[in-house]
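Good morning, and thank you for coming. I would ask everyone to turn to the display, and I will then go through the structure part by part.

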Amino acid sequence: MATASSAIVKPARRGATLSQRRMIAGLLFVLPAVIFTLTMFIFPLIMTGWMSLHNWPLLGQATFLGLQNYVDMINDHQFWASLWFTTQYTLLVTPPIFILAFALALLVNTALRGVGVFRTIYFIPVVIGLGTSSLLWVWLLNDRVGIINGILLDLNLIERPIIWLVDKNLAMFAIIVSIVWKTVGFSMILLLAGMQAIPDELYQAAEVDGASYWQRLTHIMLPLLRSTFALALVLSVIGSYLAFDQFYIMTRGGPQNQTITAVYWIFNNSFTYYKLGYGAALSIVLLVILGVLSIIQLRVLRDETTY
Amino acid sequence: MEATLGSATIHSPASRIRRRAGFFALYVIAIILAALFLFPIVWSTLTSIKPPSEASASPPTYLPSSITFDNYIKLNKYGAGIARYIFNSASVALITVFGTIILSTLAGYGFSRFQFPAKNVLFIMVLAALMIPFQSILTPLFLLMSMVKLQNTLIGLALVYITFQLPFGVFMMRNTFDTVPREIEEAALLDGASTWQMLTRVMLVLVRPGIITVAVYAFLNAWNEFLAALIIMTQEANFTLPIMLTSVRSGYYGAIDWGALQAGITVTILPCIILFLFLQRYYMQGLMGGAVKG
């Protein structure tokens with residue numbers, strides 16, 4: 001170690017200058033992460049593209065197909081149905097998350113004593129796993145032992161238990177409720193961070209000018225929160241578009257494959273039917289859709305913030 | 001409510017009373033919401049300590065009539081026993097935590113403090129995984145894992161999780177190193193510290209908050225992840241807790257043991273909640289640093 005340290009202080013004798021040594025040191029520091037990314041991320045990504053051009057069974061020889069997998073998608077009824085279902089789900093789950101997240105953020109941004117405790121409680125479902133929370137909700141929603149039916153029956157709101165998860169629309173509603181419970185805290189914290197970044201003086205100045213609470217909310221807070229909203233929206237929309245766990249566990253894609261999402265359809269092709277090439281082609285299409293979605297959302301945001 | 005959007009300097013007594021009433025109403029709303037958010041978790045935990053017959057009672061009962069751990073004993077009869085699944089989940093999570101910390105800290109230090117060719121390209125490449133969902137590369141990852149015989153191993157699953165965690169970890173650690181003033185390094189350099197000593201003796205202490213943040217995320221994501229574990233682990237003895245729970249839910253011959261399921265859910269979610277309650281500050285810093293700035 002002594003020789004190494006002296007080498008840093010004075011330039012080494014043979015050729016390597018201090019800046020060259022630091023260059024090599026820097027490369028060595030980032031090398032493990034770079035190798036990891038190359039083998040476990042970049043390589044599989046390229047491999048997805050390559051596999052998508054093949055008929056690729058789990059065992060046996062892959063055969064080159066060209067773009068046939070992509071052509072096959074056009075006639076794959078379930079592919080279009082799952083894209084449409086995922087889109088419906090995303091459109092339906094996003095508004096309740098945002099309305100409730102905004103209301104909760106306003107609530108935990110107040111000067112109430114103990115407000116930190118409430119903030120923590122609303123956030124807790126975020127830190128448990130989606131798979132586990134989906135199982136929890138399967139039980140809560142169960143028609144025989146579930147407490148949700150139990151409470152609705154006790155309150156005389158229903159006459160017999162509702163079988164939530166075997167009807168497409170009821171299942172969609174129930175799953176949205178469970179996802180709002182599970183994820184709203186995340187958007188709440190993002191919005192709260194945005195709210196706290198707005199200087200108090202702006203509100204005080206407006207209040208002196210006689211602006212009401214509602215006016216301060218709509219004319220100061222909401223415009224200044226626009227970029228936070230956009231960020232939270234992008235994260236939430238992409239997350240919803242990748243939905244899998246909740247449908248795999250809560251409805252198993254049923255009834256009659258009506259609740260199969262895009263990722264679920266990739267999963268079925270790759271790991272149930274072992275059509276790995278077709279699954280890869282579906283993955284590439286999903287990647288393109290998500291890329292386009294985030295570009296559109298970020299564009300819309302930029303146009304609006306520049307006025 | 002008034003207090004939320006800045007407060008005016010002068011208040012009449014009447015407005016103070018209105019303000020009190022407003023605060024009271026807010027408390028009531030906040031408490032009702034808190035009860036709704038906590039209810040599923042609390043009721044699940046309570047059900048796990050009910051006698052098994054009560055846990056499967058229809059219609060359901062609210063509070064346990066007596067406290068037993070019979071559901072946990074029944075849970076232990078599934079597959080290879082609950083201890084095995086806790087061990088699987090904990091091993092995968094800990095390997096992921098240590099792997100992510102080591103790789104992210106080294107890379108964060110390199111990207112923050114050194115100049116080298118293709119630095120920006122490499123940085124963007126590592127971060128690119130943030131924009132590309134892992135769901136889309138699972139098929140080749142699965143093949144890669146079977147090729148190198150790591151399919152169905154705890155190490156293999158942990159390697160996949162480390163890959164998913166790296167973009168956030170490297171980004172977080174680069175930013176954390178960026179906040180350390182350069183004067184501290186210069187002083188250490190004058191004292192004759194080598195680059196490696198600088199990192200291990202001087203910098204590691206200063207970037208500890210960043211490391212804890214990266215560790216908390218790595219642990220929670222590895223402990224909770226479902227889809228990759230479902231694909232990589234095909235033998236029951238290697239399942240992690242969330243996958244094992246789905247087989248409890250499937251039950252024996254279609255009859256679901258609801259009490260055992262609640263015991264399993266409790267075992268799975270309590271570590272996450274406890275970890276979060278203790279390290280909440282670091283978790284939130286990660287959310288702000290990783291999401292808002294990024």
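This is a predicted model: local features need pLDDT of at least 70, side-chain atom pairs count only at pLDDT 80 or more; totals for chains, interfaces and linings use all residues.

**Burial, contacts and local backbone features**

Of the 307 residues that make up chain A, 40% count as buried. Chain A holds 14 helices and two strands. Its radius of gyration is 26 Å, well over the 19 Å that the globule rule gives for 307 residues, so chain A is more spread out than a compact globule. Along its principal axes, the C-alpha trace of chain A spans about 90 × 70 × 45 Å.

How do the contacts within chain A divide by distance in sequence? Among those between residues at least 6 apart, 67% join residues at least 24 apart.

Let me turn to the domains. The domain assignment of chain A gives domain 1, residues 2-51, and domain 2, residues 76-300. Taken over C-alpha atoms, the centres of domain 1 and domain 2 of chain A are separated by 41 Å.

Next comes the meeting of the two chains. In chain A, 81 residues are in contact with 81 residues of chain B. Which element of chain A gives the most to the side that touches chain B? That element is helix 2 of chain A, residues 18-51, with 20 residues. By class, this side of chain A has 59 nonpolar, 16 polar and six charged residues.

I continue with the nonpolar core. In soluble globular proteins, nonpolar side chains tend to be buried together. Here the largest nonpolar core has 157 residues. Those with the most contacts inside this core come from both chains: A:A33, A:M188 and A:F244, together with B:A107, B:L157, B:F219 and B:I232. Helix 7 of chain B, residues 154-178, gives the most to the core, with 15 residues. Why can the core be said to lie between the domains of chain A? Domain 1 (2-51) and domain 2 (76-300) of chain A both give residues to the core, so the core lies between them.

Leaving aside neighbours within four places in sequence, A:M188 is in contact with A:A101, A:L104, A:A105 and A:Y122.

I now ask you to find a pair of helices in chain A. The axes of helix 4 (residues 77-108) and helix 13 (residues 262-272) of chain A come within 8 Å, crossing at roughly 145°. From helix 4 of chain A, the contact is made by A:Q78, A:F79, A:S82, A:L83 and A:T86. Helix 13 of chain A supplies A:A262, A:Y264 and A:W265. The residues of this contact divide into five nonpolar, three polar and no charged.

A cis peptide bond joins A:G254 and A:P255, with omega about -5°. A:Q256 also has its place in the loop between helix 12 and helix 13 of chain A. Although A:Q256 is not a glycine, its phi is positive, at about 45°. Is A:Q256 buried or exposed? With 8 C-beta neighbours inside 10 Å, A:Q256 counts as exposed.

Chain B has a cis peptide bond as well, from B:S58 to B:P59, with omega near 0°. B:P59 has its place in the loop between helix 2 (52-55) and helix 3 (70-75) of chain B.

Two residues of another loop in chain B come next. B:F116 is placed between helix 4 (82-113) and helix 5 (119-128) of chain B. This residue is partly exposed, with 19 other C-beta atoms within 10 Å. Leaving aside neighbours within four places in sequence, B:F116 is in contact with A:M23, A:G26 and A:L27. B:A118 likewise has its place in the loop between helix 4 and helix 5 of chain B. Phi of B:A118 is near 60°, a positive value in a residue other than glycine. B:A118 is exposed, with 11 other C-beta atoms within 10 Å.

Seven of its 10 residues are buried, so helix 6 of chain B is largely enclosed by the rest of the structure. The buried residues are B:L138, B:T139, B:P140, B:L141, B:F142, B:L144 and B:M145. Just after helix 6 of chain B, B:K149 takes a positive phi of about 60°.

Conventions. Residues are numbered from 1 along each chain as its sequence is written. Chains are lettered from A and ligands numbered from 1 in the order in which they are written. Helices (H or I, at least four residues) and strands (E, at least two) are DSSP runs, numbered from the N terminus. The radius of gyration is taken over C-alpha atoms; the globule rule is 2.2 Å times the number of residues to the power 0.38. A residue is buried if 20 or more other C-beta atoms lie within 10 Å of its own, exposed if 12 or fewer, and partly exposed in between; C-beta atoms are placed from the backbone. Two residues are in contact if their C-beta atoms, placed from the backbone, lie within 7 Å. Ala, Val, Leu, Ile, Met, Phe, Trp, Tyr, Cys and Pro count as nonpolar, Asp, Glu, Lys and Arg as charged, and the others, Gly among them, as polar. A nonpolar core is a set of buried Ala, Val, Leu, Ile, Met, Phe, Trp, Tyr and Cys residues joined through C-beta atoms within 7 Å. Domain bounds come from an automatic or database domain assignment. Axes are lines fitted to C-alpha atoms, for helices over the stretch in contact, and angles run from 0 to 180 degrees between N-to-C directions.
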